[in-house]
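Good morning, and thank you for coming.

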Amino acid sequence: MKIAFYTLGCKVNQNETGALEQLFAAGGFSLAAPGEAADVYVVNSCTVTSGGDKKSRQWLRRAKREHPDAVTVLTGCYPQAFPDEAAACAEADIVTGTRARAKLLEHVLQFLQTRERIVDIAPHEKGGAFEELPMEQFEGHTRAFMKIEDGCNRQCAYCVIPRARGFVRSRSEEAILRELSVLAKAGYREVVFSGINLSSYGRDTGATLAQLVAKAAGVDGIERIRLGSLEPDLCDDAFIETLAGVEKLCPQFHLALQSGCTKTLRAMRRIYTPDEYRAVAAKLRAAIPRAQLTTDVIVGFPGETQEDFTQSVRFCEEMEFLKVHVFTYSRREGTPAASMPGQLTEAEKLQRNHLLQQAADAVRARVIGAMRGQAAEVLLETAVARDTFTGYTREYVPVLVKAPGRRTGELVPVTLGAWDASRERCEAFPAPV
């Protein structure tokens, strides 16, 4: 039987879809090719914005209309955060949340036999265990993405994710290291650790993310370890000191910011100030050679004045981020920010998005331009022409390199050339042998 997946949202969602694909493959299903009819359609939803919910419903509606006999499944964050609304989605034959994903195959097989609708959205409970969904292959990727943490104990004013993901749950070190060995034997050289709140890894088990990174570096075959998004207030001195001693750690840190304005951060219920963020960034750069920072920023948060926005832009310019992911604030029912006064118009928010992105792109071009002539190491990821590949350096600079005789998945020493802003990549040249 054929199965098709539609994934919305973050890297964690994408990782979980990959695990579900392998789960169904082990159960006798094969993945439908793009445009090919399937027997089962699964949408792994994101509920960060109401637009994500709408996309999930539209995709299911189209699948049911075009393939009325197929099984349609709505799973993920949307049903978990808004169970009644999701359960009322008539286009879905099966509705599940973010718990007990391993049961999804069982639910589909049951529905195929009985044709009776299934709604199974179990609430998250404090003290719950991390659900194991091992990944042993990543189609189309030369990097292995490993989810090691789920849930978030924070209550940021704009975010509905704690409702969707529950409390912090950490994967065991033993399971992580065991899977790393499998991935290394399969040829993966770089692993990316991800989570809903990655910095909180181990808060429920007594382990720490830094200690895990140090142990992961001891796995034969794994040459590069990269971290997902980090919370600045959880990057204490001990954390930074331990990471600084791990040579295999990629010196690129996605340090979540959200705003460079103290007043806006307070309204967002973020628990640090720009000054505290600046101090953490300085410590990372001082402790880890060639460290580069990337970040997220939300523009147009309720009550954000023009002066507040200008402060945020100036802070981003000062920090010299390698890359800034700019998000326009989206009003989300079920969060405190949705009812806050001072909601901005869509036009105002979009204008601020454009202005910040312009400023961030200028900084990006300057930062990467300053690397010209430097030696770097590139993981070859995609072959775009004969002997020509795209890939990323350890610092997460995207490059284009001509490397005769090489293959995707290999690590190649290069010298960085000019930055091409229009194509979002840096020219690179193989280092002399």
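By contact I mean heavy atoms within 4.5 Å. The model is a predicted one, in which local features need pLDDT of at least 70 and side-chain atom pairs count only at pLDDT 80 or more, while totals for chains, interfaces and linings use all residues. Residues are numbered from 1 along each chain as its sequence is written, and side-chain values use heavy atoms, with hydrogens and water left out. Helices (H or I, at least four residues) and strands (E, at least two) are DSSP runs, numbered from the N terminus.

Let me start with Phe-321. This residue sits in the loop that joins helix H12 (306–319) to strand S14 (323–328). Is Phe-321 buried or exposed? Its relative accessibility is 1%, so Phe-321 counts as buried; the term buried means under 20% relative accessible area, exposed over 50%, and partly exposed in between, with a 1.4 Å probe and protein chains only. Neighbours within four places in sequence aside, Phe-321 is in contact with Leu-257, Tyr-277, Leu-293, Thr-294, Thr-295, Cys-316, Val-363, Arg-364 and Val-367. For Val-367, the C-alpha to C-alpha distance from Phe-321 is 7.8 Å, across a separation of 46 residues in sequence.

Next, helix pairs. Two packed helices are described by the angle between their axes and the distance between the axes. The axes here are lines fitted to C-alpha atoms, for helices over the stretch in contact, and angles run from 0 to 180 degrees between N-to-C directions.

H12 and helix H13 (residues 346–369) have axes that come within 9 Å and cross at roughly 15°. H12 is therefore roughly parallel to H13; angles under 35 degrees count as roughly parallel, over 145 as roughly antiparallel, 65 to 115 as roughly perpendicular, and the rest as oblique. On the H12 side, Gln-306, Phe-309, Val-313, Cys-316 and Glu-317 meet Arg-352, Leu-355, Leu-356, Ala-359, Val-363 and Arg-366 of H13. The residues of this contact divide into seven nonpolar, one polar and three charged. In this scheme Ala, Val, Leu, Ile, Met, Phe, Trp, Tyr, Cys and Pro count as nonpolar, Asp, Glu, Lys and Arg as charged, and the others, Gly among them, as polar.

The second pair is helix H1 (residues 11–26) with helix H5 (residues 104–114), whose axes come within 10 Å and cross at roughly 50°. H1 and H5 are therefore oblique to each other. Leu-20, Leu-23 and Phe-24 of H1 meet Leu-104, Leu-105 and Val-108 of H5. That contact divides into six nonpolar residues, no polar and no charged.

Which residues of H5 are buried? They are Leu-104, Leu-105, His-107, Val-108 and Phe-111. Viewed down the axis of H5, these buried residues fall within an arc of 160°, so they line one face of the helix; the arc is that of the directions from the helix axis to the C-beta atoms. Their cover includes H1, strand S3 (40–45), strand S4 (71–76), strand S5 (94–96) and strand S6 (118–120). Arg-115 follows H5 and has a positive phi, near 60°.

I close with two loop residues. Arg-290, in the loop between helix H11 (274–287) and strand S13 (292–299), has phi near 65°, a positive value in a residue other than glycine. At 40% relative accessibility, Arg-290 counts as partly exposed. Asp-387, between strand S15 (375–385) and strand S16 (388–393), also has a positive phi, near 65°; at 25% relative accessibility, Asp-387 counts as partly exposed.
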